Amino acid sequence: MATKPPTGDPVQDAPQVAEPKHAAAGLPAIGHTLRIAQQQMGVKRTALTLLRVNQKNGFDCPGCAWPEPDHRHKAEFCENGAKAVAEEATLRRVTPDFFAEHSVADLATRSGYWLGQQGRLTHPMYLPEGAERYEPVSWERAFDIIGEEIAALGSPDEAVFYTSGRTSNEAAFLYQLFARELGTNNLPDCSNMCHESSGSALSETIGIGKGSVRLEDLYKADLIIVAGQNPGTNHPRMLSALEKAKANGARIISVNPLPEAGLERFKNPQTPQGMLRGAALTDLFLQIRIGGDQALFRLLNRLVLETEGAVDEEFVREHTHGYEEFAAAAKEADWDETLTATGLTRAQIEEALGMVLASRRTIVCWAMGLTQHKHAVPTIREVVNFLLLRGNIGRPGAGVCPVRGHSNVQGDRTMGIFERPAPAFLDALEKEFGFAPPRTHGFDVVRAIRALRDGEAKVFFAMGGNFVAASPDTDVTEAAMRRARLTVHVSTKLNRSHVVTGARALILPTLGRTERDLQIGPNGKSAEQFVTVEDSMGMVHASRGRLAPASGELLSEPAIVCRMARRVLGADSKVPWEEFEKDYATIRDRIARVIPGFEDFNARVARPGGFTLPHAPRDERRFPTATGKANFTAAPVEYPELPEGRLLLQTLRSHDQYNTTIYGLDDRYRGITNGRRVVLVNPEDGQALGAADGSYVDLVSEWKDGVERRAPGFRVVHYPTPRGCAAAYYPETNVLVPLDATADTSNTPASKSVVVRLENRTGPAERRLEQSATD
């Protein structure tokens with residue numbers, strides 16, 4: 001099949017709309033997977049590559065961070081994982097000739113989908129100040145440019161070092177080490193935009209900002225609550241774990257504003273019966289109003305407190321702190337307020353309570369639907385309260401399960417990618433490497449954008465990702481990036497961030513997870529290297545690519561950091577950068593001495609499947625908090641209030657999408673094909689607002705700063721959303737999210753609760769006729 005990229009940029013504002021699906025995966029997923037993979041890789045490369053995904057001797061999927069079971073299928077990947085692999089292992093190439101043909105201004109008019117479909121980057125590219133096109137540059141000159149700009153800074157804090165979740169443990173450790181030896185903690189990462197609220201809440205309440213369950217715990221659970229999460233699109237391999245949990249007797253409550261096909265029925269493509277019939281997963285669907293989750297869990301906690309014998313009094317007495325204050329607040333939970341906040345009925349909440357009381361072992365899983373609200377941190381604290389009440393932390397089959405979205409996003413944080421590092425971590429770095437790391441907190445994502453906007457930061461360096469498209473307040477973010485003196489992106493493929501540049505810009509192409517990594521060792525011979533990742537449940541394992549690199553000009557991420565550090569820091573650096581580049585085992589030896597849980601790292605990661613990091617609340621019911629116990633908390637109940645004639649918008653992914661990477665223009669589970677500019681609206685809201693199904697509107701967000709933010713040209717799709725709630729895809733709607741609309745404590749953009757109004761406009765066909773007449 002063809003491996004050439006599409007020649008034209010397809011129209012995305014005139015989709016076809018059909019009824020939503022009520023089952024996920026099955027034969028359609030297999031067919032779609034093979035079609036996309038063969039278009040990008042060809043038949044033979046598809047077979048050789050996909051059979052190594054997530055295998056113990058293979059490479060870790062560059063998609064989501066869901067863990068692998070110990071006993072693995074030969075095809076241990078999902079549809080979206082296969083798409084991620086195909087995009088990286090594609091035979092398409094973006095060479096210097098491509099950049100000679102396309103100016104930056106031309107590329108800036110293209111969609112993110114079109115940019116990503118062009119293929120793998122092959123050479124380092126440089127955009128000089130005032131130039132119209134990128135031009136090829138040597139690696140040596142590229143590092144000189146970075147060195148020149150950093151040397152010209154008034155302070156190391158004028159540089160920002162961003163990290164995407166796909167960066168390996170080894171590269172992340174080196175990256176933060178370089179930034180801190182340079183003298184800054186400006187290390188924002190994609191966690192700031194997704195699970196920062198989880199880390200903030202969990203660190204305060206249980207002492208560790210990570211989940212407390214392992215994969216086998218799901219198989220032992222009596223009850224699993226999946227809140228604010230769509231596994232069928234975002235973590236499809238989770239569906240097989242839920243299927244196994246159901247087979248073992250678990251019941252599942254889904255709490256979400258939208259019905260999601262994967263949580264209704266999963267057609268497991270690994271078995272004939274699964275493909276034909278599938279398994280019903282959800283026992284109770286609570287279609288909650290956007291942002292009503294804290295109110296729901298607060299009322300459930302009140303009802304548990306009022307049920308004789310329901311509280312695990314021994315656990316509460318021996319392992320928790322703050323129970324009395326929490327209980328007093330919970331007993332004030334009001335039925336009427338909860339029904340208003342959630343949009344649920346009393347009967348639904350009472351049914352959920354019955355399932356909670358019948359369960360001895362309960363797990364709560366969540367994702368962005370809980371973390372991206374102003375009151376996200378109190379919401380997750382209330383989830384922890386809910387679990388603590390019945391002793392559901394530190395018990396097999398029970399616990400907190402924040403489901404991380406990107407492979408190794410959790411590992412990057414473990415390696416020290418954090419703008420607010422713990423003093424103990426900095427102490428360990430200083431002891432190991434002999435320099436004094438900075439102690440002043442750095443910029444997170446939102447603060448980094450403000451600093452660039454205000455001229456306080458002048459160099460922006462991104463280790464992977466698509467910062468411009470992923471960030472909130474698109475117009476503000478793009479203007480901020482253009483104020484930089486230098487923007488640098490370490491990337492495998494072209495994306496929007498490469499065409500929104502500072503005065504000067506570099507694109508540094510790197511190896512992907514699928515590719516063989518050969519480094520020249522101390523003996524002058526090439527030695528194959530591997531990297532490691534940490535999954536969403538604290539398992540650390542090796543990842544070994546096998547494909548030949550897309551170009552002989554590619555460097556690995558560790559090599560890029562080491563060479564940059566040698567050029568920028570010079571001979572006075574106390575870190576053996578050259579040694580680290582030649583042998584990644586030496587990096588792991590240092591990680592083992594700096595980061596608890598990684599002792600004897602090289603030997604342990606050599607074992608098939610890797611090893612599990614320690615987790616005191618899970619392993620010992622020991623809680624490393626300020627009180628030495630698990631902390632109950634009591635915060636006022638919050639939920640978004642909606643002005644008359646407005647809707648509450650959540651941004652979300654389509655099924656043909658992973659984060660900001662667009663694989664295609666379909667969202668087949670929701671019935672949307674051949675387009676992305678749609679807004680899902682409840683039919684009664686559509687009628688009340690004069691927004692008929694199939695009509696076109698502009699989305700205009702309203703916030704307290706009085707600034708109008710507009711996303712034009714969205715097709716209205718009448719859809720089973722709660723009244724007052726709407727949904728649309730990002731990154732197209734990131735323009736509507738104000739930079740300063742963030743979660744309390746975590747500073748995560750509040751992308752799941754944006755107040756918008758709909759303004760009617762002409763449809764795409766009429767607009768094109770108008771534009772044609774004007775031209």
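Author: In this predicted model, Phe611 has a relative accessible area of 5%, which is under the 20% limit, and therefore counts as buried. Phe598 is buried too, because its relative accessibility is 0%. A pair of aromatic rings is described by the distance of the centres and the angle of the planes. The structure holds 22 aromatic pairs, and for Phe598 and Phe611 the ring centres lie 6.0 Å apart with the planes at 85 degrees, so this pair is edge-to-face. Phe598 sits in the loop between α29 (584-594) and α30 (601-605), while Phe611 belongs to strand β23 (residues 611-612), so the contact ties together parts that are 13 residues apart in sequence.

A second pair, Tyr175 with Phe461, is tilted, because its planes stand at 45 degrees, with 5.9 Å between the ring centres. Here the partners come from distant parts of the chain, Tyr175 from helix α8 (residues 169-182) and Phe461 from strand β16 (residues 459-463), 286 residues apart, and both of them are buried. Elsewhere, ring pairs join Phe98, Phe99, Trp114 and Tyr134 into a cluster.

Aromatic rings also meet charged side chains: Lys244 lies over the face of Tyr219, 4.1 Å from the ring centre, and Arg653 lies over the face of Tyr658, at 4.5 Å from the ring centre.

Turning to the charges themselves, side chains of opposite charge can pair when their charged atoms come close. The count of salt bridges comes to 61, and one of them joins Arg237 to Glu68, with 3.1 Å between the closest N and O atoms. This bridge links distant parts of the chain, since Arg237 is in helix α12 (residues 237-247) and Glu68 is in the loop between α2 (43-50) and α3 (79-88), 169 residues apart; Arg237 and Glu68 are both buried.

Arg709 forms a salt bridge with Asp473, whose closest N and O atoms are 3.0 Å apart, and it spans 236 residues from strand β31 (residues 709-718) to the loop between α25 (467-470) and α26 (474-482). Arg709 counts as buried because its relative accessible area is 9%, and Asp473 counts as buried because its value is 3%. In the bridge between Glu419 and Arg420, at 3.3 Å from N to O, Glu419 is buried at 2% relative accessible area, whereas Arg420, at 29%, is partly exposed.

Conventions: Residues numbered from 1 in each chain as written. Predicted model: local features only at pLDDT ≥ 70, side-chain atom pairs only at ≥ 80, totals over all residues. Heavy atoms only, no water. Phe/Tyr/Trp six-rings, centres within 6.5 Å; stacked < 30°, edge-to-face > 60°. Helix = DSSP H or I, 4+ residues; strand = E, 2+ residues; numbered from the N terminus. Buried < 20%, exposed > 50% of the residue type's maximum accessible area, 1.4 Å probe, protein only. Lys NZ or Arg CZ within 6 Å of the ring centre and 35° of its normal. Salt bridge = Lys/Arg side-chain N within 4 Å of Asp/Glu carboxyl O.
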